[in-house]
Structure formats: C-alpha cells, structure tokens
Amino acid sequence: MPSIDLNSDVGESFGNWTMGDDAAVFRYVSSANVACGFHAGDPSTIAGTCREAVAAGVTIGAHVGYRDLAGFGRRFLDCSATELADDVLYQLGALQALAHAAGSEIKYVKPHGALYNTIVHHEVHAQAVVDAVHAFSPGLPLLLLPGSVALAKAEAKGLRGVVEAFADRAYNADGTLVSRREEGAVLHDHAAITENMVRLATEGKIVARDGSVLNVHAESICVHGDTPGAVAMAAAVRAGLEAAGVTVRSFA
C-alpha cells in the first residue's frame with residue numbers, strides 16, 4: 001500500500017493572540033511543524049503544542065524561520081549566512097528543549113514562509129540553513145520544495161532531503177508556489193484539494209493553476225494550520241487518501 005505523511009504548521013499562537021486549532025488538527029495529521037518563536041509562538045504555546053503532539057502520537061518537527069514576528073516570517077531578511085545559521089541553531093535548541101520536556105524530540109526540520117521560498121533559489125541562505133541543521137544533528141531530515149537549491153545542498157551535505165507538496169496552495173507551472181500576494185494563491189475547495197492530493201499520492205502528479213500537470217514525487221503533504229477551515233480540510237484530505245488505499249504516516 002502507498003503511504004504519505006500529512007503535516008501541518010502549528011504552535012503559531014502568541015500571547016493572547018490565537019492562531020489555528022492545533023489539538024483538532026492533530027486528529028488528522030501525522031507530523032507537526034512546530035513554530036520555534038522567531039516567526040510565531042511563545043514558550044508556553046510551543047511547550048503546550050509539544051505536549052499535545054506527544055499525546056496525539058504526532059511527530060514533532062522544527063518550523064524555523066526568519067526572525068520576523070511582526071511579519072509572521074513572510075518577509076525576506078537580508079541577513080548574513082552566519083547570522084541566519086545562528087538563528088536556525090537557536091530555534092532548534094529552543095524547540096528541542098521543550099520537546100524533550102514533553103517526552104519527545106525534534107525528528108525533522110521544515111523552514112517557514114519566506115525562508116522556505118527563498119532557499120528554493122538563494123544559494124547563500126540555502127547553504128546556511130543546511131549547515132545549521134547539519135551542525136545540530138546530521139540525522140535530521142529537511143523538508144523542502146522539489147527542485148530547490150536547498151534540497152540539492154542538503155543531499156550534498158549528507159542530509160536526507162524530503163520532498164513536500166502543499167494541499168492548500170496553488171502551484172505555478174514551474175513547480176513553485178503562487179505568491180500569497182496573488183489572488184487564488186490559497187485554495188479552499190476541499191473536494192478539489194482532496195482530488196489533487198490523492199492524485200499526488202497515487203500517481204505523483206499535481207495540477208498547476210494553468211492546468212498543466214507537474215510530476216511531484218512527494219513524501220509529505222502540508223495543510224497549513226492558519227488557513228481558514230484547516231481542520232475540516234485536513235479531515236477531508238486524510239479521508240480521501242485513506243479511501244484511495246493510501247496510509248497516512250510520518251516520513252520520520
């Protein structure tokens with residue numbers, strides 16, 4: 001039977017500001033990309049998210065980003081390679097401590113937002129992220145977009161690169177994600193999303209927004225926790241995958 005991971009970005013609430021329903025999402029996903037405090041999340045939120053993930057049997061991954069709370073990590077920061085690598089290491093250390101206290105540990109790393117998209121093509125920042133992850137633990141997989149510079153650099157460094165696809169985001173014909181600044185970048189039709197993800201898991205194909213078909217051999221599917229209706233979407237995608245004979249389980 002084919003299998004695929006279903007992940008979601010979680011732990012992104014901050015103080016009195018609530019983002020998403022992590023506990024509900026954990027009923028349907030197999031991996032949790034937990035914010036590390038630089039783009040979102042505060043210590044108590046992150047710790048609570050780790051405890052909930054452990055209770056639900058969900059794998060914990062580090063969702064590292066640019067140091068940009070005000071912009072939710074969706075803005076490029078022109079920092080040096082050293083500064084970025086240090087920032088990534090700092091985030092990994094913080095989450096590892098909170099995950100350990102909850103009875104688990106970091107099992108993989110997924111860059112967030114602008115950092116994720118930047119290292120598709122940015123040689124310096126891609127290398128900085130790869131170097132930081134390798135310095136922290138050479139055994140940690142790195143979850144990335146297919147065809148990205150970071151994926152090639154990860155594999156050259158000896159890290160396991162894991163290809164990811166997005167359930168709730170529109171794709172350009174070149175395989176990149178449609179910018180959130182453009183209309184239609186975020187998808188909301190659960191039936192269409194589920195059909196596309198079942199096609200991905202069973203055939204290795206995704207339909208881009210122009211109708212072209214992309215060959216994407218992904219090991220993990222992301223449902224963003226901050227997308228409206230995220231819980232229902234995760235439930236629909238999981239139900240659709242399982243109905244098609246696909247097992248949902250963590251790649252890590």
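User: Hi! Where is the place of A102?
Analyst: Hello! In this predicted model, A102 is in the loop between α3 (81-101) and β4 (108-111).

User: Is A102 buried or exposed?
Analyst: A102 counts as buried, because its relative accessibility is 16% and the cut-off for buried is under 20%.

User: And which residues does A102 touch?
Analyst: Leaving aside residues up to four places away in sequence, A102 touches C50, R51 and V54. There is also A55: A102 and A55 are 47 residues apart in sequence, and their C-alpha atoms are 9.2 Å apart in space.

User: At what angle do α2 and α3 pack?
Analyst: Helix α2 (residues 43-56) packs with α3 at an angle of about 50°, and their axes are 8 Å apart. That angle makes α2 oblique to α3. As for handedness, α2 passes α3 in a right-handed crossing.

User: OK, on to α5. At what angle do α3 and α5 pack?
Analyst: The angle is about 40°, with the axes of α3 and α5 8 Å apart. So α3 is oblique to α5, and α3 passes α5 in a right-handed crossing.

User: Which residues in α3 meet α5?
Analyst: From α3 you have A81, L84, A85, V88, L89, L92, G93 and Q96. In α5 they meet V124, H125, A128, V129, A132, V133, A135 and F136. By class, the contact of α3 with α5 has 13 nonpolar, three polar and no charged residues.

User: Why do residues three or four places apart point the same way in an α-helix?
Analyst: Because an α-helix has 3.6 residues a turn.

User: Nice. Changing topic: which residues in α6 are buried?
Analyst: In helix α6 (residues 149-157), the buried ones are V149, A150, L151, K153 and A154.

User: What covers the buried residues of α6?
Analyst: The cover includes α5 (123-136), along with the strands β5 (142-144) and β6 (161-166).

User: And what is α6 followed by?
Analyst: Helix α6 is followed by G158, and the phi of G158 is positive, near 95°.

User: Now α7 and α8: at what angle do they pack?
Analyst: Helix α7 (residues 190-203) and helix α8 (residues 230-243) pack at about 40°, with their axes 9 Å apart. This makes α7 oblique to α8, and their crossing is right-handed. From α7, the contact is made by H190, I193, T194, M197, V198 and A201. The α8 side is A232, M233, A236, V237, G240 and L241. Sorted by class, the contact of α7 with α8 has nine nonpolar, three polar and no charged residues.

User: Last bit, the whole protein. How many helices and strands are there?
Analyst: The protein has eight helices and 10 strands. Its C-alpha trace spans about 40 × 40 × 35 Å along the principal axes.

User: What share of the residues is buried?
Analyst: Buried residues make up 53% of the 252 residues. On contacts, if you take those between residues at least 6 apart in sequence, 72% join residues at least 24 apart.

Definitions and conventions: Residues numbered from 1 in each chain as written. Predicted model: local features only at pLDDT ≥ 70, side-chain atom pairs only at ≥ 80, totals over all residues. Heavy atoms only, no water. Buried < 20%, exposed > 50% of the residue type's maximum accessible area, 1.4 Å probe, protein only. Helix = DSSP H or I, 4+ residues; strand = E, 2+ residues; numbered from the N terminus. Contact = heavy atoms within 4.5 Å. Axes fitted to C-alpha atoms, helices over the stretch in contact; angles between N-to-C directions. Parallel < 35°, antiparallel > 145°, perpendicular 65-115°, else oblique. Left-handed = near helix turned anticlockwise from the far one by under 90°. Nonpolar A, V, L, I, M, F, W, Y, C, P; charged D, E, K, R; others polar.
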